[in-house]
Amino acid sequence: MAPAAASGGSTLPSGFSVFTTFPNLLFVLEFVFGGLVWILIASSLVPIPLVQGWVMFVSVFCFVATTTLLILYIIGAHGGETSWVTLDSAYHCIAALFYLSASVLEALATIYMQDGFTFKYYHENISAVVFSYVATLLYVVHAVFSLIRWKSS
């Protein structure tokens, strides 16, 4: 493993070194917490369907895009090109903004459903909000370190 890749330098890792470099190690956590948000939103009842639709879109989009990027990095599709560093930075900035908006809307919908819905759905939505904010934090941290890598490339 190159020292630049280990310290968040300007190169993207390929192969299984993706799992040993920061911020690329965050792909796994984004995958896990994004999947949890997707599962919890899909199984819960939200009083405002438009909010549930946006949160589902964000969680599914980010889950699929993160999985796709992870697989492309593992197979080395980037070939060391700097345009992939730009793509990585842009994607994580957009994902962070999307997840922040989805988290805020889901929290608002959960506050509105405090009275009048069953206890089970309320707790599922609380869990979805917590995991959504964790996913937001992961995407923000990944975006910051991707921007640092982009600037140094």
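Author: Contact here means heavy atoms within 4.5 Å. The model is predicted.

Reader: Leaving aside neighbours within four places in sequence, which residues is Tyr73 in contact with?

Author: Tyr73 is one of the H3 residues that make the contact with H2. Leaving aside neighbours within four places in sequence, the contacts of Tyr73 are Leu12, Pro13, Ser14, Gly15, Val18, Asn24, Phe27, His78, Trp84 and Asp88.

Reader: Which residues of the largest nonpolar core touch the most other members?

Author: The largest nonpolar core holds 29 residues. Helices H2, H3, H4 (82–112) and H5 (119–152) each supply at least two residues of this core. Those that touch the most other members are Cys62, Tyr73, Tyr91, Tyr99 and Tyr139.

Reader: Are H2 and H3 roughly parallel or roughly antiparallel to each other?

Author: Helix H2 covers residues 26–43 and helix H3 residues 49–75, and their axes are 9 Å apart. They pack at an angle of about 150 degrees. Angles over 145 degrees count as roughly antiparallel, and therefore H2 and H3 are roughly antiparallel.

Reader: How many nonpolar, polar and charged residues does the contact of H2 with H3 have?

Author: H2 passes H3 in a left-handed crossing. On the H2 side the contact includes Phe27, Phe31, Trp38 and Ile41, and on the H3 side it includes Val55, Met56, Phe63 and Leu70. By class, the contact has 13 nonpolar, six polar and one charged residues.

Reader: At roughly what angle do the axes of H2 and H4 cross?

Author: The crossing of H2 and H4 is left-handed. Their axes come within 13 Å and cross at roughly 35 degrees.

Reader: How do the residues of the contact of H2 with H4 divide into nonpolar, polar and charged?

Author: From H2, the residues are Phe27, Glu30, Gly34, Val37 and Ile41, and they meet Asp88, His92, Tyr99 and Glu106 in H4. The division is four nonpolar, two polar and three charged.

Reader: Is His142 buried or exposed?

Author: His142 lies in helix H5. Its relative accessible area is 0%, and a residue under 20% counts as buried. His142 is therefore buried.

Reader: Which residues does His142 touch, not counting those up to four places away in sequence?

Author: The C-alpha atom of His142 is separated by 28 Å from that of Ser44, 98 residues apart along the chain. Not counting residues up to four places away in sequence, His142 touches Pro23, Asn24, Leu26, Phe27, Glu30, Asp88 and His92.

Conventions:
Residues are numbered from 1 along each chain as its sequence is written. This is a predicted model: local features need pLDDT of at least 70, side-chain atom pairs count only at pLDDT 80 or more; totals for chains, interfaces and linings use all residues. Side-chain values use heavy atoms; hydrogens and water are left out. Axes are lines fitted to C-alpha atoms, for helices over the stretch in contact, and angles run from 0 to 180 degrees between N-to-C directions. Helices (H or I, at least four residues) and strands (E, at least two) are DSSP runs, numbered from the N terminus. Angles under 35 degrees count as roughly parallel, over 145 as roughly antiparallel, 65 to 115 as roughly perpendicular and the rest as oblique. A crossing is left-handed if the near helix is turned anticlockwise from the far one by less than a right angle, and right-handed if clockwise. Ala, Val, Leu, Ile, Met, Phe, Trp, Tyr, Cys and Pro count as nonpolar, Asp, Glu, Lys and Arg as charged, and the others, Gly among them, as polar. A nonpolar core is a set of buried Ala, Val, Leu, Ile, Met, Phe, Trp, Tyr and Cys residues joined through side-chain atoms within 4.5 Å. Buried means under 20% relative accessible area, exposed over 50%, partly exposed in between (1.4 Å probe, protein chains only).
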